[in-house]
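The following exercises concern the two chains shown below. Each task is followed by a solution worked step by step.

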Amino acid sequence: MIFNSLAFAVFFMVVLFVHHLPLPWRVKKLNLMFASYLFYAAWNPPFLALLWVSTVVDWAVAQRMARASTDARRRALLMISLCWNLGALGFFKYANFLVDDVTQLLAMVGVVYHPTMPDIILPLGISFYTFQSLSYTIDVYLEKIKPWPSLLDYALFLAFFPRMVAGPIMRAAFFLPQCLQPRPVTASQFGWGFTLLVLGLFEKVVLADGILAPVADFVFAPGTRLQFVDAWTGTFAVSGQIFFDFAGYSTCAMGSGLCLGFLVPENFRFPYAAVGFSDFWRRWHISFSRWILDYIFMPLQMKWREWRTWGTAAALLMTFLASGIWHGAAWTFVFWGALHGFYLVAELLYRKWTHNVKFLQRNWVCVAGCLSTFVLISIAWMPFRARDFDAALAMLRIMMMPADAMGACLLDWCLVARVVLIMTGTLWMQWRLRNSSVEMQAERLPWWLRAVLVAAMIVALFTSPGEDRAFVYFQF
Amino acid sequence: MRTWALTLALAVASLSTLELFWRARGFQPSVRDRAELWSLERQRANRAGRNAVVLIGTSRFLTGLDPAVLNQEIPARRFFQLAIGGSSPFPVLDDLAKDPLFRGNVICEVHPGVTFRNNAAEQIPRAWLDFFHHRGWVADTEAQLRILLQQRLTLELADVTPTVVLRGLLQEGRLPKPNYVRFRADRFLMADYGRVDVARQMAHWLKGVRSGEEPLTEPQLRRRCAQINESASRIQQHGGQVVFLRMVSSGELYKAEEQHFPRERYWSVFVRSVSAPAIDFKEVPALARSQCAEGSHLDYRVAQRFSQALAAELVRRGLLVSRR
């Protein structure tokens, strides 16, 4: 079930209705848990079993960890959690990739090997819920949090449907305390929740699917002989599509969570207004960036601290390689991760050498920095979106060597204008709002203007019945 | 609260105004013909058991055979429109034959340009079959909910989305015109040829017949007939009946089809090669009386009479009538 479906609208109304009946808090949580399982099962019911096993294993491991008398036993319990979660993730996500790569590697050294390719389906949201569950057991191991006594609460933490399949990756310390007491929803919370839901759907249905996806699909279709303008337009369209698609999902998650009285953390904070790549990762997929920062980067940096800047650089590279692998079982994703790693290392070195230069704090320099960051990030999206390296390289060649591709543009000018308008508007708006949040901005608007804007988004949603695309991040 | 009251009032007012505006310009609601809708009908055909009669073919079936009229004329059966525009019906025939849950009957179109020619118009049927077999259990509910809206609102039409309207205004300086075809929820395609330049359409179809791929050679034809017959026989073994039907075409287009696919070399060979009955519209005066305005497809007003005539012919021949 996806947020931009009528089935979800009906499902959500029923869940909301039951949730706001005068029932005991435990019954309400049970309602949410069953609703979450139903939401997940709408895709492929058998994979619910995997989610249940993850829930029970990690909850039980954490309980036993608290009672364990020795460090060795605690470490062994952590290993059980790591093996289960990473094992399941590895098997479902990377088995095909590994077999394929090993076959190719053997072929390169002259060994002909034709293994039976495992036909494995990737369970929806597995990358998100395994990371969420892992963070819990690691935090209990590190004694940052105490094990949560209620299995029901923990099951709801992992399965909570607003964020189930594409995040945000919540932390136990953030969500589980919300399960302790009934969470009454005020009228203004309810109103804001629905506003976020409408905003998220608008981003997804109107901007990502209706306006940007057709251009991106055309440009990245196999066999298209692109020209300079097509390639740049397509690249910016992909940047916009990925942002509005994913940010749209996260906004819907926040909105639907709020209508149920639960806070879901912000996952995007105007990322294309970032000046530099570290700033970008503080604004883009925030819950994931924090996860890799806490559980991969920091331990590595600590381990390699004696190498100072170079240790940090190595930790950054390793972290973003892991990030690439997390995003998908293909070398194009690994390359995307590595590219971001290099960007961050370059920025680290640049900042180290220029930290006292006043000139860099001027406004126009910041704007130029923001634009450069956006362009480089857009270029990095190419391997992320292209079907293979050859396609990404061919596109890059066209973009970098305009003399060879200055023929008539294949995209009609209306489509080019659409992308230019939307992306210019997005950059301008994100730059203007970069130090605030959507909520702060909404509060500053007069109530009637807020009403007009939300009504306009509802009208656009009703009048844009385009293709029913799944959210891009579902595949991860 | 007041924000949301104003929001809803504005949204309802704007949407109602837009709906009335497009209706005033002649637009009428139409269901979107996509894999979801097709899949829903396919599933219903399975549920209808032995009473089901599925119609598989091309756009000629979509515009020419009205399931509602056929249901009325032969009440013992339930007709389901599974034809797909511009596509070969044979992947669907094969799928029906292999589906152990399908126990019904089939009327399969024999379109000369599709059956007697090497073309790969199988992409859409294969994609839709793939969707049908792999859809989640919520897909049918979603399709039903969407149909509810699409049947009632012109705002759901692809022709009046803001991007399409804006593009029309910027590039051609005019608002979109209503389409001459619209789908009903039972996938009957209502084509109003009173609103079409029929001469231009006819020229388009004629070009398709004359410039398309070469007709099948004799061995190729025999192979194809054998494949079709294998699927038909399998359906018959399950207790279903199969009827092949050559749909009406008219005027120059009919002549061009006869010229490119001579009756004795194609249709007659086909009829001899398959074990199921085959009806050629030309052999049934009541069917042959129906004329396609642009040569290839029936107008929705003519389709009603054509469907009634076909039902009468099926009854006369004792086909698909008796409950098995």
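**Exercise 1.** How many helices and how many strands make up the secondary structure of chain A?

*Solution.* Chain A contains 18 helices and zero strands, where helices (H or I, at least four residues) and strands (E, at least two) are DSSP runs numbered from the N terminus. The model is a predicted one, in which local features need pLDDT of at least 70 and side-chain atom pairs count only at pLDDT 80 or more, while totals for chains, interfaces and linings use all residues. Residues are numbered from 1 along each chain as its sequence is written, and chains are lettered from A and ligands numbered from 1 in the order in which they are written.

**Exercise 2.** Determine the domains of chain A and describe the contact between them.

*Solution.* First, the assignment, which is automatic or taken from a database, gives domain 1 (21-184) and domain 2 (193-475). Second, the C-alpha centres of domain 1 of chain A and domain 2 of chain A lie 27 Å apart. Third, 22 residues from domain 1 of chain A and 22 residues from domain 2 of chain A take part in the contact; two residues are in contact if their C-beta atoms, placed from the backbone, lie within 7 Å. On the side of domain 1 of chain A that touches domain 2 of chain A, α4 (71-108) and α5 of chain A each supply at least two residues.

**Exercise 3.** Compare the span of helix α12 (residues 308-327) of chain A with expectation, then locate its packing partners.

*Solution.* The expected span is 1.5 Å times one less than the number of residues. Next, the buried residues of α12(A) include A:Leu316, A:Phe320 and A:Trp326; a residue is buried if 20 or more other C-beta atoms lie within 10 Å of its own, exposed if 12 or fewer, and partly exposed in between, with C-beta atoms placed from the backbone. The buried residues of α12(A) pack against α5 (126-141), α11 (286-303) and α13 (331-354) of chain A.

**Exercise 4.** Is strand β1 (residues 52-56) of chain B enclosed or open, and which strands pair with β1(B)?

*Solution.* Five of the five residues of β1(B) are buried, so the strand is largely enclosed by the rest of the structure. One side carries B:Ala52, B:Val54 and B:Ile56, and the other B:Val53 and B:Leu55. Pairing requires at least two DSSP bridges between two strands. β1(B) pairs in the parallel sense with β2 (residues 78-81) of chain B over four bridges, and B:Ala52 stands opposite B:Arg78 in β2(B). β1(B) also pairs in the parallel sense with β3 (residues 105-109) of chain B over four bridges, with B:Leu55 opposite B:Ile107 in β3(B).

**Exercise 5.** Characterise the contact between chain A and chain B from the side of chain B.

*Solution.* The contact takes 26 residues from chain B and 27 residues from chain A. On the side of chain B that touches chain A, α1 (2-24), α8 (139-152) and α9 (162-172) of chain B each supply at least two residues. The greatest share comes from α1(B), with 10 residues. By class, the side of chain B that touches chain A has 13 nonpolar, eight polar and five charged residues, where Ala, Val, Leu, Ile, Met, Phe, Trp, Tyr, Cys and Pro count as nonpolar, Asp, Glu, Lys and Arg as charged, and the others, Gly among them, as polar.
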